[in-house]
There are 4 protein chains.
Amino acid sequence: MARHTYLCPMRWSDMDAYQHVNNVVFLRYLEEARVDLLLNAAGEKGRAMLDTGVLVARHEIDYKAPLVFRSAPVPIELWTERIDNGSFTVGYEVVDDDESGRTVYAVARTVLVPFDNAAGHTRRVSADDKEWLERFAL
Amino acid sequence: MARHTYLCPMRWSDMDAYQHVNNVVFLRYLEEARVDLLLNAAGEKGRAMLDTGVLVARHEIDYKAPLVFRSAPVPIELWTERIDNGSFTVGYEVVDDDESGRTVYAVARTVLVPFDNAAGHTRRVSADDKEWLERFAL
Amino acid sequence: MARHTYLCPMRWSDMDAYQHVNNVVFLRYLEEARVDLLLNAAGEKGRAMLDTGVLVARHEIDYKAPLVFRSAPVPIELWTERIDNGSFTVGYEVVDDDESGRTVYAVARTVLVPFDNAAGHTRRVSADDKEWLERFAL
Amino acid sequence: MARHTYLCPMRWSDMDAYQHVNNVVFLRYLEEARVDLLLNAAGEKGRAMLDTGVLVARHEIDYKAPLVFRSAPVPIELWTERIDNGSFTVGYEVVDDDESGRTVYAVARTVLVPFDNAAGHTRRVSADDKEWLERFAL
């Protein structure tokens with residue numbers, strides 16, 4: 001139904017020798033956005049998935065514009081866009097969107113697989129998982 | 001003609017709280033492998049591209065097996081797999097390959113765009129670029 | 001006269017394989033606290049030092065208690081504690097301080113030297129520098 | 001009796017926006033040097049300490065010269081310099097030392113405390129610890 005927006009704090013050290021936020025650091029930002037989604041936005045069933053375990057199976061990311069350090073956080077919009085029995089996909093835009101317009105820095109997608117840390121193997125997407133995943137589906 | 005193999009040193013701190021090399025760190029490894037390709041394997045024309053500038057336009061990466069810190073470096077095989085006038089693609093496998101078999105930890109691909117740091121804009125793939133890019137084409 | 005408090009955002013990835021914030025990451029936090037002091041708290045003359053340049057000459061840090069990732073930022077109190085003609089010292093406490101008590105995670109101190117990036121050499125602490133440095137002296 | 005030398009691999013991303021190895025990254029290098037000392041140089045009793053646990057209680061570091069990324073590793077010389085019943089100190093120099101002279105980039109010192117991960121508390125420096133610690137005392 002709705003995107004979640006995570007206001008991602010930047011660090012001065014996220015910039016590399018080219019004085020832009022390094023391309024690898026964007027993936028770090030996406031990780032923090034996912035943690036925020038599960039820990040703070042998705043409710044008890046999201047936190048349960050974070051506790052039980054979840055694996056990154058695939059990333060894809062397109063870089064659209066250079067990003068420079070600033071004190072204000074950079075917004076990351078994220079949503080779920082494919083949910084099946086064994087995995088699901090989270091989509092993201094790293095984006096400034098205000099009265100002066102919309103600047104997209106990166107567009108990305110991550111395939112995630114629920115994992116059972118205690119048992120040491122992957123698990124199916126459960127009805128409990130689907131309940132919160134569907135709330136963030138576009 | 002040939003893959004380049006970069007022996008990527010690992011750091012204990014590459015592991016996250018799950019005690020595996022963090023998924024984001026793999027992208028860091030790929031960056032070091034590309035730097036090694038341009039700086040050490042591709043000769044003078046590769047170093048020229050590193051000096052002039054090159055942008056990451058896109059990454060995709062599939063994670064295949066968990067990787068744990070060890071003193072021995074992890075090999076990264078990389079090659080060029082698409083070369084056109086405005087960009088080219090580097091492919092990679094993060095892989096242990098020895099008498100006991102072949103373990104692939106990740107497979108990835110990066111789209112790169114030559115950049116002119118001095119002029120501040122992208123530039124075409126030149127004949128000089130193609131000379132070394134083709135040597136690493138599969 | 002007064003300490004400055006920087007509310008330092010944490011990242012899940014700040015934890016290492018021991019599931020605590022890694023000791024090296026504390027130094028990263030201190031860097032962000034210094035950037036915040038110069039960029040946001042010290043006014044125009046602080047921003048001028050950040051633009052002109054400033055070198056880290058020395059750190060010392062004592063670790064007092066383990067710190068674990070959480071969504072809420074960890075406060076860092078910082079102040080200036082020695083100002084002479086060639087350098088100055090910033091002191092810090094990484095600390096939770098609320099109705100339930102005061103937990104100090106680390107106490108640290110950094111010696112900084114003003115630098116002239118354009119000229120490529122260190123410079124003296126100026127009257128302009130001292131103006132804001134003294135406002136944060138204990 | 002003897003210093004241990006760890007040849008520390010550098011990463012291009014160790015440089016910050018000032019195009020030098022960032023001051024915080026030096027502490028990361030020291031961590032890798034300690035891991036190498038315990039894992040590879042100190043023998044079975046060093047590895048035992050790494051497995052049982054060891055805490056960083058304090059760092060101090062003086063920066064002497066700027067360091068820039070290169071393909072060749074930067075040598076870190078390290079040794080033990082104080083051993084008592086509850087803790088010990090490791091000293092380090094980050095240094096190039098060859099026919100063209102000796103360039104010291106940083107001098108540092110870390111206080112370490114043996115820890116019992118299973119029991120969750122610190123432990124005394126044992127006779128087994130002292131056996132290898134003394135081999136690296138100056």
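## A strand residue in chain C

C:V107 has a relative accessibility of 28% and is therefore classed as partly exposed, a term that covers the range between buried (under 20% relative accessible area) and exposed (over 50%), with a 1.4 Å probe and with protein chains only taken into account. The model is a predicted one, in which local features need pLDDT of at least 70 and side-chain atom pairs count only at pLDDT 80 or more, while totals for chains, interfaces and linings use all residues. Residues are numbered from 1 along each chain as its sequence is written, chains are lettered from A and ligands numbered from 1 in the order in which they are written, and side-chain values use heavy atoms, with hydrogens and water left out.

C:V107 belongs to strand β5 of chain C, which covers residues 101-116; helices (H or I, at least four residues) and strands (E, at least two) are DSSP runs, numbered from the N terminus. When residues up to four places away in sequence are set aside, C:V107 touches C:E60, C:I61, C:D62, C:K64, C:Y92 and C:E93, where contact means heavy atoms within 4.5 Å. Between the C-alpha atoms of C:V107 and C:C8 there are 15 Å, and these two residues are 99 residues apart along the chain.

## Two further residues of chain C

C:T122 sits in strand β6 of chain C, residues 121-122, and with a relative accessible area of 44% it is partly exposed. Its contacts, leaving aside neighbours within four places in sequence, are with C:L55, C:V113, C:P114 and C:F115. The C-alpha atom of C:T122 is separated by 8.4 Å from that of C:G86, a residue 36 residues apart from it along the chain.

C:N40 is part of helix α1 of chain C, which runs over residues 23-41, and it is likewise partly exposed, its relative accessible area being 44%. Not counting residues up to four places away in sequence, C:N40 touches A:S71 as well as C:V35. C:N40 and C:R124 are 84 residues apart in sequence, and their C-alpha atoms are 23 Å apart in space.

## Chain A as a whole

Chain A contains 3 helices and 6 strands, and read along the sequence these elements follow the pattern β-α-α-β-β-β-β-β-α. The radius of gyration of chain A is 16 Å, close to the 14 Å that the globule rule gives for 138 residues, so the chain is as compact as a globular protein of that length; the radius is taken over C-alpha atoms, and the rule is 2.2 Å times the number of residues to the power 0.38. Along its principal axes, the C-alpha trace of chain A spans about 45 × 30 × 25 Å.

Buried residues make up 54% of the 138 residues of chain A. Among contacts in chain A between residues at least 6 apart in sequence, 66% join residues at least 24 apart. The accessible surface of chain A is about 5900 Å², and 52% of it belongs to carbon and sulfur atoms.

## A positive phi in two chains

Most residues other than glycine have a negative phi. A:Q19, although it is not a glycine, has a positive phi of about 65°; it is placed in the loop between β1 (4-8) and α1 (23-41) of chain A, and it is partly exposed, with a relative accessible area of 45%.

In chain D, D:Q19 has a phi near 65°, which is a positive value in a residue other than glycine. D:Q19 is found in the loop between β1 (4-8) and α1 (23-41) of chain D, and its relative accessible area of 45% makes it partly exposed.

## How the copies are related

Two copies of a chain are related by a rotation about an axis and a shift along it. Chain A can be laid on chain B by a turn of 180° and a shift of 0.0 Å along the axis, with an RMSD of 0.0 Å, copies being superposed by least squares on the C-alpha atoms of residues with pLDDT of at least 70 in both. That is the relation of a two-fold axis. In chain A, the C-alpha nearest the axis belongs to A:E60 and lies 2.1 Å from it. The same surface serves both copies, since 100% of the contact residues of chain A recur in chain B.

Chain D can be laid on chain C by a turn of 180° and a shift of 0.0 Å along the axis, with an RMSD of 0.0 Å. Of the residues of chain D, D:E60 comes closest to the rotation axis, its C-alpha being at 2.1 Å. Here too the same surface serves both copies, as 100% of the contact residues of chain D recur in chain C.

Methods:
Accessible areas come from the Shrake-Rupley method with a 1.4 Å probe; for residues, only the protein chains shown count as cover.
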